[in-house]
Amino acid sequence: MSGTQQSIHSQWSNKFTYVLAATGAAVGLGNIWKFPYIMGENGGGAFVLVYLACIALVGVPIMIAEVYLGKKGRLSPMRSVAQVAKQNSASPLWQLAGGMGVLAGYLILSFYAVVAGWACAYIFKAAAGEFNGQDATALGQTFGDFIADPASLLVWTSCILALTVFVVARGLQRGLEKATRFMMPAMLLLLIVIVGYSSMYGDMSATLSFMFAADFSKLTVDSVLTALGHSFFSLSLASGIMIMYGAYLPEKTSIVKTSVWIACADTLVALLAGLAIFPIVFANGLEPGAGPGLIFVTLPLAFGQMPAGQLIGTVFFVMLVFAAFTSAIALIESSVAWLVEKCGFRRVQAAIVAGIGLWILSLLSVYSFAPNTWAQTDIFGETKSYFDVLDYFASNILLPLGGLFIALFVGWKVRKTDLANELNLPQAIFQTLILLLKVITPIFIIAVFLNLIGVVKF
Ligand code: TRP
């Protein structure tokens, strides 16, 4: 029985809004600063090829597996997996794979909301011209002072969380769809405007060689693992969301085609982000450094010196907030759906309860920056703030393990006739997909996992 599970949840209005919402979940902070940087660091064009291979061979198969689980279970991730396990007479323990995803999403959002709050605050700083003519030290100081002020971080984080709760409380079609239908095209448009600006006023040729010159000598085993880990994070895999969004999929939508679309769109945005950011960085003789510094110190420095920098800076941070926000609503959705199912809450109640929990958890990240670092721990042998610990635990432990179990479950436990019926692929491609899920993807993930937690260094 490949059956249609009756759902207590609603469905996407059409496959287009689903693709948009899932792309909104995938496109986020990871695409905008992390991808362009690691790509340059790891041999540019050579790394892009490896990354594309990871997306195609690991990312897309796991996405297909997740959406399949959601569509068959029609429930929140943990309960969808439990449902499919029952349909296939497999152990109910497999549902932990879904549960880990929901937990990962919840933990990620507790610090993601804080960073989205920074971006929000920087919209106003950019618009007020605070970067104009400032030097690197002054802007470093501005950022340092800002994150050292828990009161204002808390205000911004609360705004982001309140807005997230508000949108999610309105339901699937009136909330999530409506927000992504406006924000994703707007984000893309703003990104393209910045790429246009960068090609006029920035150093595009330095960018093109930084990003695309294929230097295979810089490519190490480590960069292959980096590419794999990032493809995972960037496509929002193993964090519950693709199972959840799959549970809302209209019956006739093709899982395979939409997954390929989402993966392509996510990769395209990552490449565009590089073309937007680096020309500005290089034209001003700045370092393409990684992480928060690139976005919150280096770029403001460049905007402060460039023609129309005040406007473009503002546009940039609005774009970043849109990208982060469509991820934030995705990150909270599975816990809200779970509360609706499990506790019989109405959506509004569920969203508020999940939001309050997140707000409390986000305090750990708000208080993670000097001199207010009461939230510190040394469980990993070194002193880390909870901001780092949450990121590490969710991204490096829960995501790879969750992905591994999903691949193994769908590869080994789900009846192949059901899967073949649903995916409707040519035989050879279907067999390849199964081989990927059963063997190749698990081996890859185990290699990344062991490398990440430092058990083996390749
Ligand atoms: N993909 C997001 C990014 O690139 C981050 C992310 C990871 C995410 N898991 C998620 C977003 C689950 C939404 C839902 O920034």
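User: How far is an oxygen atom of the ligand from an N or O atom in the side chain of Asn 31?
Analyst: This is a predicted model, and distances are read from its atoms. Polar contacts count within 3.5 Å. The pair formed by a ligand oxygen and a side-chain N or O atom of Asn 31 is separated by 3.2 Å.

User: What part of Phe 233 lies 2.9 Å from a nitrogen atom of the ligand?
Analyst: The ligand atom in this pair is a nitrogen, at 2.9 Å. Phe 233 contributes a backbone N or O atom.

User: How much of the ligand's accessible area does the protein cover?
Analyst: On its own, the ligand has 360 Å² of accessible area.

User: Where does the ligand sit?
Analyst: The structure holds 1 cavity of 30 Å³ or more. The space in the largest cavity is about 180 Å³. Its lining has 17 residues, with Ala 25, Phe 233, Ser 236, Ser 239 and Leu 331 nearest the centre. The ligand sits in the largest cavity.

User: Which elements give two or more residues to the shell around the ligand?
Analyst: The shell has 15 residues, and Ala 26, Gly 30, Tyr 112, Phe 233 and Ser 239 come nearest. The elements that give two or more are α1 (15-26), α2 (29-41), α10 (221-234) and α14 (309-343).

User: How many charged residues are in the shell around the ligand?
Analyst: The shell divides into 8 nonpolar and 7 polar residues. The lining of the largest cavity has 10 nonpolar, 7 polar and no charged residues. For the shell, the charged count is likewise none.

User: How many charged residues line the largest pocket?
Analyst: This pocket has a volume of about 950 Å³. Its lining has 33 residues, and Lys 34, Phe 233, Asp 391, Ser 395 and Asn 396 lie nearest the centre. By class, 20 are nonpolar and 7 polar; the charged residues number 6.

User: Which elements each supply at least two residues to the lining of the largest pocket?
Analyst: Phe 233 is among the lining residues nearest the centre of this pocket. Phe 233 is also among those nearest the centre of the largest cavity. For the pocket, the elements are α2, α5 (95-127), α10, α13 (292-303), α16 (386-413) and α18 (427-452).

User: Which element gives the most to the lining of the second largest pocket?
Analyst: About 400 Å³ of space lies in this pocket. Its 17 lining residues include Val 19, Leu 20, Thr 23, Trp 261 and Ala 265, which lie nearest the centre. Two or more residues come from each of α1, α8 (172-201) and α12 (255-283). With 8 residues, the top contributor is α12.

User: How many nonpolar residues line the second largest pocket?
Analyst: The lining of this pocket has 3 polar and 2 charged residues. The nonpolar residues number 12.

How values were computed:
Residues are numbered from 1 along each chain as its sequence is written. This is a predicted model: local features need pLDDT of at least 70, side-chain atom pairs count only at pLDDT 80 or more; totals for chains, interfaces and linings use all residues. Side-chain values use heavy atoms; hydrogens and water are left out. A residue is near a molecule or strand if one of its heavy atoms lies within 4 Å of it. A polar contact is a pair of N or O atoms within 3.5 Å; within protein, one must be able to donate a hydrogen and the other to accept it, and residues adjacent in sequence count only if both atoms are side-chain atoms. Accessible areas come from the Shrake-Rupley method with a 1.4 Å probe; for residues, only the protein chains shown count as cover. On a 1 Å grid over the protein atoms alone, a cavity is a set of points where a 1.4 Å probe fits but cannot get out, and a pocket is an open set with protein on both sides within 12 Å along at least five of seven lines; lining residues have an atom within 4 Å of a point. A molecule sits in a cavity or pocket if more than half of its atoms lie within 2 Å of its grid points. Helices (H or I, at least four residues) and strands (E, at least two) are DSSP runs, numbered from the N terminus. Ala, Val, Leu, Ile, Met, Phe, Trp, Tyr, Cys and Pro count as nonpolar, Asp, Glu, Lys and Arg as charged, and the others, Gly among them, as polar. Grid points are joined across faces, edges and corners, and a volume is the space filled by probe spheres set on the points.
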